[in-house]
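Please read this briefing alongside the sequence and the structure shown below. The points are grouped by topic.

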Amino acid sequence: MAKKKVEKTSLGQRMKIGREKMGMSIEDLALETGYMPEILAGVEEGRTVPPVSLVLQLSRVLKLNMDELETQENLLATKRRSKSHKKRVDSEAYTPLSKPGPDKHLRGYLVTIDALTEHRGVEFHHEGEEFDFVLKGGITIQVGENVARLSQGESIHFNSTLHHKLSNPHAEPAELLVVVYVP
């Protein structure tokens with residue numbers, strides 16, 4: 001019997017395999033990542049597309065490269081789930097701009113935030129640092145208790161272990177270049 005190649009499994013499947021290999025329950029993983037068990041179960045079951053911060057936490061806790069490039073079939077499925085998730089939670093859409101790897105510490109993303117939306121649910125937090133540059137539109141970002149309002153051409157650099165969340169209070173979509181450093 002041939003084994004399935006890792007690149008042909010979904011993010012949720014890789015998460016479940018890694019979690020079970022470490023003998024962890026969803027609740028154990030929740031304690032390690034800081035995310036609610038319901039969110040983690042949704043990711044594992046393919047109902048929820050996780051924010052970048054959760055992917056980074058899963059990578060750290062499960063010692064897996066959770067955001068490796070996927071096959072064309074999985075990319076299409078991920079796009080469908082991403083579109084559905086975006087509609088459900090009025091949140092951001094992430095497009096990876098860099099290739100991950102075990103020796104790569106910078107990850108770049110193009111982030112689109114719909115007009116008049118606020119990220120609901122979990123706040124982001126992950127090891128390392130984050131740099132956000134507004135390419136188009138404007139955003140409000142809360143880092144810890146501090147709130148910053150950024151317009152096109154403005155940026156923010158912060159310790160991403162602090163809870164942070166984005167919103168777009170403007171009538172037009174916002175586009176950001178987000179660069180995350182993961183130690």
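A residue counts as buried when its relative accessible area is under 20%, as exposed when that value is over 50%, and as partly exposed in between. Thr 140, with a relative accessible area of 14%, is therefore buried. The structure is a predicted model, and every value given here is computed from that model.

**Overall architecture**

- The protein chain has five helices and nine strands, and from the N terminus on the elements run α-α-α-α-α-β-β-β-β-β-β-β-β-β.
- Of the 183 residues of the protein chain, 43% count as buried.
- Among the contacts in the protein chain with a separation of 6 or more, 70% are accounted for by residues 24 or more positions apart.

**Packing of helices α1 and α3**

- Helix α1, which covers residues 11–21, packs with helix α3, which covers residues 37–44, at an angle of about 115°, and their axes are 7 Å apart.
- On the α1 side the contact is made by Leu 11, Gly 12, Gln 13, Met 15, Lys 16 and Arg 19, while α3 contributes Leu 40, Val 43 and Glu 44.
- Divided by class, the residues of this contact of α1 with α3 are four nonpolar, two polar and three charged.

- In α4, 10 of the 11 residues are buried, so the helix is largely enclosed by the rest of the structure.
- The buried residues of α4 are Val 52, Ser 53, Leu 54, Val 55, Leu 56, Gln 57, Leu 58, Ser 59, Val 61 and Leu 62.
- Lys 63, which follows α4, has a positive phi, near 55°.
- The second largest pocket holds about 240 Å³ of space, and of the 13 residues that line this pocket, Ser 59, Pro 102, Arg 107, Val 182 and Pro 183 are the closest to its centre.
- Helix α4, which spans residues 52–62, gives the most to the lining of the second largest pocket, with three residues.
- By class, the lining of the second largest pocket comprises five nonpolar, four polar and four charged residues.

**Thr 140 in strand β5**

- Thr 140 is found in strand β5, which runs over residues 138–143, and this residue is buried at a relative accessible area of 14%.
- When neighbours within four places in sequence are left aside, Thr 140 is in contact with Val 147, Ala 148, Arg 149, Lys 165, Leu 166, Ser 167 and Pro 169.

**Asn 159 in strand β7**

- Asn 159 lies in strand β7, made up of residues 155–159, and because its relative accessible area is 37%, Asn 159 is classed as partly exposed.
- The side chain of Asn 159 makes a polar contact with the side chain of Thr 161, at 2.6 Å.
- Although Asn 159 and Glu 127 are 32 residues apart along the chain, their C-alpha atoms are separated by 8.1 Å.

**Leu 116 in a loop**

- Leu 116 lies in the loop between β2, residues 106–113, and β3, residues 117–118.
- The phi of Leu 116 is positive, about 55°, although this residue is not a glycine.
- Is Leu 116 buried or exposed? Its relative accessibility is 63%, so Leu 116 counts as exposed.

Note on methods: Residues numbered from 1 in each chain as written. Predicted model: local features only at pLDDT ≥ 70, side-chain atom pairs only at ≥ 80, totals over all residues. Heavy atoms only, no water. Helix = DSSP H or I, 4+ residues; strand = E, 2+ residues; numbered from the N terminus. Buried < 20%, exposed > 50% of the residue type's maximum accessible area, 1.4 Å probe, protein only. Polar contact = N/O pair within 3.5 Å; in protein donor to acceptor, adjacent residues only side chain to side chain. 1 Å grid on protein atoms, 1.4 Å probe; cavity = no way out; pocket = protein on both sides within 12 Å on 5 of 7 lines; lining within 4 Å. Points joined across faces, edges and corners; volume = space filled by probe spheres on them. Nonpolar A, V, L, I, M, F, W, Y, C, P; charged D, E, K, R; others polar. Contact = heavy atoms within 4.5 Å. Axes fitted to C-alpha atoms, helices over the stretch in contact; angles between N-to-C directions.
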